[in-house]
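Subject: Structure handover

Hello,

Here is the structure we discussed, with the sequence. My notes on it follow below.

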Amino acid sequence: MTEQLVDTELLRFSTAGSVDDGKSTLIGRLLYDSKSIFEDQYEQIKATSERRGEEGVNLALLTDGLKSEREQGITIDVAYRYFATPKRKFIIADTPGHIQYTRNMVTGASTANVALILIDARNGIVEQTRRHSFISSLLQIPHIVVCINKMDLVDYDEEAYESIKNEFSGFSSKLDVKDIHFIPISALNGDNVVDRSENMAWYEGQTLMHYLENVHIGSDHNFIDTRFPVQHVIRPYNDDYHDYRGYAGRLAGGTIRKGDEVLLLPSGFKSKVSKIDTFNGEIEEAYPPMSVTILLENDLDLSRGDMIVRPNNAPEVTQDVDAMICWFDDDKMKSPRGRYTLRHTTQEVQCLIKEVKYTLDINTLHRNQEDLEVKMNDIARIKIRTTKPLFIDEYRKNRITGSFVLVDEGSNNTVAAGMII
Amino acid sequence: MKYQLSHLRELEAESIYVMREVAAQFEKPVLMFSGGKDSIMMVHLAAKAFFPARIPFPLLHVDTGHNFPETIKFRDKLVASLGAKLIVGSVDEAIDSGLVREEKGFNASRNALQTAVLLEELEKGKFDAALGGARRDEEKARAKERFFSHRDEFGQWDPKNQRPELWNLFNGKKHFGEHFRVFPISNWTELDVWQYLAIEEVELPSLYFAHKRKVFERDGTLLADTPIIQRKESEQVVEKMVRCRTIGDMTCTGVWESDADDLDKIIQEVSTTRMTERGGRTDDKRSETSMEDRKKKGYF
């Protein structure tokens with residue numbers, strides 16, 4: 001076994017859809033048809049299906065894992081499923097369709113390369129579809145694949161598919177989505193999931209599995225703007241590495257090469273990269289999402305929260321942040337002048353909510369400037385002032401340096417996710 | 001230049017990131033070490049994360065007293081080579097002191113007793129974060145875990161109340177008395193682990209490789225013949241060529257018939273197998289929600 005033989009990419013995708021849209025069945029089908037379900041798992045859900053008096057083997061049981069979920073027959077939390085084909089390894093963030101679990105959907109979507117949106121062919125676009133599409137766009141998931149499911153229940157009718165496709169295209173033109181694909185499927189019967197459907201000769205596009213294996217994700221990271229947040233300072237304090245001071249972290253953007261001139265924030269000092277260290281020896285160049293250790297020429301004193309960037313390409317250094325947020329907590333946002341802890345890359349600061357500009361109605365995309373109360377699952381545009389400067393980019397340019405979370409100082413809960421405008 | 005990592009290197013980068021985050025956010029982390037392949041890989045990743053400094057936290061082994069002797073030998077060798085500090089929590093001592101009561105009968109196991117000992121060791125050492133090698137693909141309750149899993153002051157896991165984890169941002173804030181369990185290899189599958197161990201040429205305990213052993217069959221699983229397990233009259237002992245796919249202690253680890261005696265053969269076997277890794281774990285089979293129930297009480 002050598003490294004060359006293991007050359008598969010990693011693709012993360014989120015699944016969202018109403019509880020009756022068959023999302024769990026689809027995942028079960030993907031795993032089953034790609035032969036990623038183990039026999040004992042299959043036997044287990046077969047036994048459970050029988051015990052519950054269900055017809056056939058309910059593949060949705062594969063992803064419903066917690067006791068209360070199995071009792072109620074719904075999915076409460078984000079469940080992560082893994083499968084691999086010779087081309088790629090996949091991580092599925094299977095998320096709930098219920099409105100009260102938007103927070104979990106946002107969680108699963110934040111690192112996704114692809115959003116898989118499921119629509120029931122009989123019902124077309126519903127509120128849930130709009131909400132999840134909007135969130136996918138808000139979280140800047142680079143690729144969206146819309147699966148129009150239950151085609152078997154509309155007699156595999158091309159017109160039904162086309163009409164939904166048109167309606168979605170009309171709706172999504174108002175969103176910031178880069179790349180959308182449509183596929184007509186039947187998760188229950190397997191049409192166009194892994195194998196091509198024999199019932200829809202009119203469809204000439206890819207199957208879902210083919211799409212997932214081939215969609216180009218190589219450009220999903222920002223390889224242009226160098227951003228290295230210092231995560232941890234490594235000081236061995238031993239004889240072999242007496243003066244070693246390494247800045248360990250994960251590249252959030254751009255590339256770093258040995259010998260590069262760099263600018264350090266917040267000090268503004270300049271330096272040069274003397275070494276890029278890893279356990280397996282030094283390397284010439286690092287890029288996202290690698291975790292490395294950077295050594296600098298001068299004897300400077302960087303600490304966690306600082307950032308290493310290139311001199312002509314710095315992020316905005318500011319204490320005033322304009323952002324879209326999604327609220328997660330039971331308690332509504334304290335406003336005006338609510339105080340929260342803010343985490344951005346490796347920094348932690350305090351912040352004050354200065355203003356709520358509007359809350360957003362996800363169905364109509366209407367900006368409500370009268371109702372400025374931000375409650376659980378609300379999306380709003382706000383202005384924040386922080387106690388210390390942050391080094392930010394627009395979320396559209398970089399999902400890592402353009403994002404943050406708010407933490408309630410009392411409960412310690414993560415109360416909101418923010419995307420910088 | 002192709003700016004692309006293979007999935008193993010991407011997973012590795014993610015795990016290293018999580019471990020460094022633990023060192024940064026917590027005051028007294030500890031690494032839970034069982035001697036199995038996942039915790040061995042965890043130690044390897046930790047060594048990478050903090051290189052060239054030493055791993056900045058001790059290892060904690062909750063010893064049921066029923067381990068395969070090979071596991072203990074390997075553990076001690078590894079600890080010595082790293083110059084790491086090892087803390088051993090003893091279930092034997094806990095039984096003697098009355099903290100826990102030993103199960104009796106044919107299916108007795110000390111697996112569930114580990115929880116009480118783990119919680120006690122965490123409290124004794126005042127550890128505020130415990131790193132573990134659990135993976136989401138292992139079992140359905142683990143599929144819902146976060147990287148940073150908040151535990152209350154009783155060490156309990158409430159699946160309905162876990163914090164959202166977005167992007168790379170982990171919220172390790174807690175009140176006094178609470179702690180976190182952190183799972184850096186959450187996104188790794190069994191096959192990923194084996195492939196990585198092969199590429200990195202990491203040494204593993206001999207139990208994982210095919211060897212001759214006296215075993216007997218119970219409920220469709222092969223168990224090692226040892227005085228620790230009470231055997232029924234009907235359960236005959238035979239000698240077979242077996243290996244362990246997962247290692248718990250002797251009472252709950254099923255062995256497999258296999259002739260895979262090196263990593264390449266193991267990888268071959270794992271990638272074509274039809275049974276899950278933990279399919280032979282009798283501790284998981286006690287009820288449909290065995291893992292979930294144990295976690296709610298504070299189990300690993």
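Among contacts in chain B between residues at least 6 apart in sequence, what percentage join residues at least 24 apart? The figure is 75%. Please keep in mind throughout that this is a predicted model.

Chain B in outline

Chain B has 300 residues, of which 54% are buried. Its secondary structure consists of 8 helices and 10 strands.

One helix pair in chain B

Helix 2 (residues 37-50) and helix 6 (residues 190-199) of chain B have axes that come within 11 Å and cross at roughly 50°. Helix 2 of chain B is therefore oblique to helix 6 of chain B. The crossing of these two helices of chain B is left-handed. On the helix 2 side of chain B, the contact is made by Lys37(B), Asp38(B) and Met41(B), and helix 6 of chain B contributes Val193(B), Tyr196(B) and Leu197(B). By class, the residues in this contact of helix 2 with helix 6 of chain B are 4 nonpolar and 2 charged, with no polar ones.

Helix 1 of chain A

How many of the 11 residues in helix 1 (residues 23-33) of chain A are buried? The count is 10, and the helix is mostly covered. The buried residues of helix 1 of chain A include Lys23(A) and Arg29(A), along with Leu26(A), Ile27(A), Leu30(A), Leu31(A) and Tyr32(A). Ser24(A), Thr25(A) and Gly28(A) complete the buried set in helix 1 of chain A. Among the elements of chain A that cover these residues are strand 1 (9-16), strand 2 (79-84), strand 3 (88-94), strand 4 (114-120) and strand 5 (143-149). Helix 7 (208-214) of chain A is also part of the cover.

In soluble globular proteins, nonpolar side chains tend to be buried together. In this model the largest nonpolar core has 178 residues, and those with the most contacts inside it are Ala115(A), Cys147(A) and Leu31(B). Helix 1 (residues 7-25) of chain B supplies the largest share of this core, 9 residues. Leaving aside residues up to four places away in sequence, Cys147(A) touches Leu26(A), Leu116(A), Leu118(A), Ile183(A), Ile185(A) and Leu208(A). Of these, Leu26(A) is one of the buried residues of helix 1 of chain A.

Between the chains

The contact between the chains takes 57 residues from chain A and 53 residues from chain B. The side of chain A that touches chain B has 27 nonpolar, 15 polar and 15 charged residues.

Regards

Methods: Residues are numbered from 1 along each chain as its sequence is written. Chains are lettered from A and ligands numbered from 1 in the order in which they are written. This is a predicted model: local features need pLDDT of at least 70, side-chain atom pairs count only at pLDDT 80 or more; totals for chains, interfaces and linings use all residues. Two residues are in contact if their C-beta atoms, placed from the backbone, lie within 7 Å. Ala, Val, Leu, Ile, Met, Phe, Trp, Tyr, Cys and Pro count as nonpolar, Asp, Glu, Lys and Arg as charged, and the others, Gly among them, as polar. Helices (H or I, at least four residues) and strands (E, at least two) are DSSP runs, numbered from the N terminus. A residue is buried if 20 or more other C-beta atoms lie within 10 Å of its own, exposed if 12 or fewer, and partly exposed in between; C-beta atoms are placed from the backbone. Axes are lines fitted to C-alpha atoms, for helices over the stretch in contact, and angles run from 0 to 180 degrees between N-to-C directions. Angles under 35 degrees count as roughly parallel, over 145 as roughly antiparallel, 65 to 115 as roughly perpendicular and the rest as oblique. A crossing is left-handed if the near helix is turned anticlockwise from the far one by less than a right angle, and right-handed if clockwise. A nonpolar core is a set of buried Ala, Val, Leu, Ile, Met, Phe, Trp, Tyr and Cys residues joined through C-beta atoms within 7 Å.
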